[in-house]
Amino acid sequence: RNLLETADDERVVLIATQDGRLIGGAIFSRLRFGGDARGAFLLGPLAVAPRAQGKGLGGALVTRGLDELRRREAHAAFTYGDPNDYGRFGFGPADPSLGPAPFPLTHAEGWLGQWLSDIASPMRFTSVPRYVDALHHPRYW
């Protein structure tokens with residue numbers, strides 16, 4: 001399945017255009033931790049066209065996406081990437097502070113997360129997450 005074919009309530013899609021051309025985008029898709037009712041989302045992919053890089057567009061997409069997740073009352077956000085890049089948006093080491101990664105990771109330090117709700121923060125997610133079908137495959141991790 002294509003990530004863009006995933007149901008609307010299972011994802012948040014943000015795009016940026018300039019002169020009618022796509023120059024950036026970010027997708028946050030739902031994560032499910034067993035029977036845990038708290039809402040969690042994964043950021044990825046995030047992309048900005050080379051000509052638009054270095055102007056804050058990627059950061060604006062991440063910030064706007066996190067704001068939208070809070071508006072939807074999501075409890076946590078995760079991503080798999082460089083801690084130096086995502087730390088400025090509140091992401092930090094996710095395991096064991098938040099919850100486990102879905103698959104063995106090539107770079108375990110890249111599994112990052114953050115609580116979006118004060119209500120959720122004292123308890124970590126304990127089961128292994130399940131991604132939307134379009135992302136739930138080890139080849140992506």
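1. Strand S3 (40-48) is the biggest contributor to the lining of the largest pocket, giving six residues. Helix H1 (57-71), strand S4 and helix H2 (83-86) also supply at least two residues each. Helices (H or I, at least four residues) and strands (E, at least two) are DSSP runs, numbered from the N terminus.

2. A word on the basis: this is a predicted model, in which local features need pLDDT of at least 70 and side-chain atom pairs count only at pLDDT 80 or more, while totals for chains, interfaces and linings use all residues. Residues are numbered from 1 along each chain as its sequence is written, and side-chain values use heavy atoms, with hydrogens and water left out.

3. The largest pocket holds about 300 Å³ of space. Of its 21 lining residues, Leu46, Gly58, Asp85, Tyr86 and Arg88 are the closest to its centre. A pocket here is an open set of points on a 1 Å grid over the protein atoms alone, where a 1.4 Å probe fits, with protein on both sides within 12 Å along at least five of seven lines; lining residues have an atom within 4 Å of a point. Volume is the space filled by probe spheres set on the points, which are joined across faces, edges and corners.

4. The second largest pocket comes to about 150 Å³. Leu22, Gly24, Gly25, Ala26 and Ile27 lie nearest its centre, among 13 lining residues. Strand S2 (21-33) gives the most to this lining, with six residues.

5. S6 has antiparallel partners: five bridges join S4 (residues 76-80) to S6, and two join S5 (residues 92-93) to S6. Strands pair if DSSP finds at least two bridges between them. Tyrosine 80 stands opposite tryptophan 111, and glycine 92 is the bridge partner of glycine 113.

6. Leucine 116 counts as buried because its relative accessibility is 13%. Beyond its neighbours within four places in sequence, leucine 116 is in contact (heavy atoms within 4.5 Å) with Leu66, Leu69, Arg70, Ala74, His75, Ala76 and Ala77.

Key
Buried means under 20% relative accessible area, exposed over 50%, partly exposed in between (1.4 Å probe, protein chains only).
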